Amino acid sequence: MTQSPYATVDARPSPLRRLLPPPPGAAGPRGSTLLRHLVLAVLAGAAVVLLTNQLEPYRNLQVARVCAFLCVTAGFTILVGLNGQLSLGHGALMATGAYTVALVQRGLDGRDLRGQWSVPLSLLLAVAVTALLGLVIGLAAARLRGPYLAGVTLAVATLVPAVTTIFTGVFNGEQGLPFPVATPPAFLGAYFQPERWLAWIALLAALLTMLLMANLVRSRYGRSLRAVRDDEVAARLAGIHVARTQVLAFVVSAGCAGLGGGVYAVLTATVASGKFPLELSLFLLMAIVIGGLGSLAGAVWGALLLVALQDLPALLTEAFTLPGGLAQRLEGNLALAVFGLILIVVMLVAPGGLQDAVRKATARLGRRRPRPSR
Amino acid sequence: MHRIARRGLAAAASLALLVGAAACANDEKNAAGNVPGVTDTEIVIGTHQPLTGPAAPGYARISAATKAYFAHLNSKGGVNGRKITYKVMDDGYNPANTENVVRKLILDDKVFAILGGLGTPTHTNVLEFLEGQKVPDLFVASGSRSWNQPDTYPTTFGWQPDYTVEGKILATYVKQAFPGKKVCHFGQNDDFGRDSLLGVEKVLGPVAAKQTYTPTNQQVGPAIGALKAAGCEVIISATIPGFTALAMGQAFGQGLRAQWVVSNVGADYTTLSAQLGDKKAILEGMIGNYYLPMAGDSADPWIREYTKIHQRYNGTNPLDGNAIYGYSMAYTFVQALLAAGQDLTREKLVDAVEKGGFQGPGLTPFRYSADDHSGYSGVRLNRVQGGVQSYFGATYTTDDGDGEVREHTQPPVTPPADAVPAS
């Protein structure tokens, strides 16, 4: 054999690998992973519900937004961190989910079919449609590497606004599609805060996503994803179907993005193409890198950052009276600048992301105070 | 069972109980509280405006004028002893931002009402939310017919003449002044353009050609090329100022010499000439329309009062149609507040506007009633001649249905002292 049959495949390990935390340890010596994750999810869910009961409406809306973004970042970090595929088009996948929800909701409303079931139904359809789109992109992605893959997904991101304005009859251009607000069910009382209900919907979606992703990471598929990322040739020799694994990763992460986008649409009861610019895709990528690539806890950090930065320009311009011109210039660009700065600082100080920094800090604390022997 | 799971379940169960006990504890108390944004000395209201983005040229000066009017009013003692604070949030004419800033204004800043939220595509996306919150949504700065749906959105009111009313009046004039000419329509790719076209076609029947633009895409060349290819001689244009300038500049470049007849939201000469710079000569002969005193008419008593306020509180901006708009809309709002009475609530404000009857700087009466939430009932045409934009011909009123276009002869009232409505 003079030439390797894999010569055309770039088999170098992904450069993203340097940013990754060490692989998580195997499941604990005892116990079912599913059960442990379920308990964790219920605990986290109960804690957040408790929190939402104490919060003002606008804060609850922010909790809901964090949950919506968490659906996206959780799936995205699996694709980029665990499978080593880069996507600059996840904003467009969110848009797909959001527009699906809007179209389904409007369709149901037009036929006088209303009820609490319409939200889960439209979200399910959002996941299905986006996963299908993810399959198409994934099939292309499995043949492409590095900058070429980034290029294709970038094209998808820039396509969304164009599609909505060309097919104005369906998507109503930049004006977008408003649909009826999801109102709390009657048994919660007439004075139940509507934003709390929205936060609960988003929370449920986020918990479900986190639960599924946490199990996926620890499953055989999760190990295949990592094997493909680290060394495609070795993975192939071990009997893993590389292309199939990559497509699967894309489909899963697209489904999550569709769910996140759909939930985001439910929160605002409207969808417009201006909500999904190219910057959103870049923000999503920055968020998971800053949070800690490949780590679900890092995805939580990322989602928190995404929401915190939304309100930053308004906060700053309120806190300091800036000259009019400067305030106007900051409005659109401040978030991007701050995100970039955080990214640089985090990469210098803690290349593994916020989550890795937290893990190391707690580990150091633990070492200083040795655990009492049992 | 495993130890972690058992411990976890116990913790989860106790948390769940706690959650159940704590739920809905303080909601009822909050709902029955005071009127949001209103104290004995202050009324806080908010708005969303395009301070940046494609609609900022011109429109960014509307809220500056409204703010200046309230500063003037506050210096005269406010309304019923209350000073007005106007919170202006920038949405960049992007519907996605509008949704966010309006929620912040209502839920976080707890404003009493939204006043003059600007834009058709932007404001359409917060109607549902504002209706759900029962917030007075007064005098939307757009002529879409969406604001006039009292059954669906009982707290939302328009202010300026709607685009269908305007389209009918413009088309009636075109029919008389340019008989037999090929008339085309150029409009924004949303309810603004569609409502205008509806009004035009109610009078003229199908136009010879129609083209649209999207506010975030500056490429109007192909659309103008299509209008040229269709042989348009008169172009009725439903465009925001930036795109009126782009379209007229592009048409001039392509050698399309047509008569432009422009919607009042995109026809302010000061704004357009600033946009076009040294090419402003192409505005000569442009026909526009308006429903308030023209900024250049220094003999008008309203303009004299506005000029005093302008020099004192808003001197860095030109006194143009945008400023006149901002002052006049603020004036109507103060009239509504006075009509709502000393004991101000959201319901009383909405009732006061439905009762209507406000008389001010407008050339035509308002249409406000319990089942009509649209604003001014008509417009008067103006023309640019020798670099001055001034009115000509009669003032017309009509409705957004099949009602005929008729002349309005009653002159506008004169302003009260200091242009502050008397209680």
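This is a predicted model: local features need pLDDT of at least 70, side-chain atom pairs count only at pLDDT 80 or more; totals for chains, interfaces and linings use all residues.

Trainee: How many helices and strands does chain B have?

Mentor: Chain B has 14 helices and 13 strands. Its radius of gyration is 24 Å, close to the 22 Å that the globule rule gives for 423 residues, so chain B is as compact as a globular protein of that length. The C-alpha trace spans about 85 × 60 × 40 Å along the principal axes.

Trainee: What share of chain B is buried?

Mentor: Of its 423 residues, 57% are buried. As for contacts in chain B between residues at least 6 apart in sequence, 70% join residues at least 24 apart.

Trainee: Which order do the strands take in the open sheet of chain B?

Mentor: The order across this sheet of 5 strands is S2-S1-S3-S4-S5, and the pairing is parallel. Strand S2 (83-90) and strand S5 (156-158) of chain B are at the edges; each has a single partner strand, so one side of each has no neighbour in the sheet. From one strand to the next, the twist averages 25 degrees.

Trainee: How many bridges join S1 and S3 of chain B?

Mentor: Strand S1 (residues 42-49) and strand S3 (residues 113-115) of chain B pair over 2 bridges, in the parallel sense. For one of the residues involved, Gly46(B), the bridge partner in S3(B) is Ile114(B). Helix H4 (residues 95-108) of chain B packs on the sheet and touches S1, S2 and S3 of chain B. The direction of H4 makes about 175 degrees with that of S1(B).

Trainee: Let us turn to the core. Which residues have the most contacts inside the largest nonpolar core?

Mentor: They are Cys67(A), Leu70(A), Cys71(A), Ala202(A), Val263(A) and Ile235(B), in a core of 221 residues. Helix H2 (residues 57-82) of chain A gives the most to this core, with 16 residues. Leaving aside neighbours within four places in sequence, Val263(A) is in contact with Ala68(A), Cys71(A), Leu123(A), Ile201(A), Ala202(A) and Ala205(A).

Trainee: Which spans of chain A does UniProt list as "transmembrane region"?

Mentor: The unreviewed UniProt entry lists several, including residues 63-82 and 283-309 of chain A. In the model, residues 63-82 of chain A are 100% helix and 0% strand, with end C-alpha atoms 27 Å apart. Residues 283-309 of chain A are 85% helix and 0% strand, and the end C-alpha atoms lie 10 Å apart.

Trainee: Is Leu204(A) in that chain buried, partly exposed or exposed?

Mentor: Leu204(A) is partly exposed, because 16 other C-beta atoms lie within 10 Å; a residue needs 20 or more to be buried. Leu204(A) lies in helix H7 (residues 194-218) of chain A. Leu204(A) and Ala64(A) are 140 residues apart in sequence and, C-alpha to C-alpha, 10.0 Å apart in space.

Trainee: What is phi for Lys134(B), and what is phi for Phe139(B)?

Mentor: Phi of Lys134(B) is near 55 degrees, a positive value in a residue other than glycine. Phe139(B), also not a glycine, has a positive phi of about 55 degrees. Lys134(B) is in the loop between helix H6 (127-133) and strand S4 (137-140) of chain B, whereas Phe139(B) is in strand S4 of chain B.

Trainee: Where does each stand on burial, buried or exposed?

Mentor: Lys134(B) has 12 other C-beta atoms within 10 Å, so Lys134(B) is exposed. Phe139(B) has 27 C-beta neighbours inside 10 Å and therefore counts as buried.

Conventions. Residues are numbered from 1 along each chain as its sequence is written. Chains are lettered from A and ligands numbered from 1 in the order in which they are written. Two strands pair if DSSP finds at least two bridges between them. Helices (H or I, at least four residues) and strands (E, at least two) are DSSP runs, numbered from the N terminus. Axes are lines fitted to C-alpha atoms, for helices over the stretch in contact, and angles run from 0 to 180 degrees between N-to-C directions. Two residues are in contact if their C-beta atoms, placed from the backbone, lie within 7 Å. UniProt positions are given in the numbering used here, feature names are shortened, and annotations may be inferred rather than shown by experiment. A nonpolar core is a set of buried Ala, Val, Leu, Ile, Met, Phe, Trp, Tyr and Cys residues joined through C-beta atoms within 7 Å. The radius of gyration is taken over C-alpha atoms; the globule rule is 2.2 Å times the number of residues to the power 0.38.
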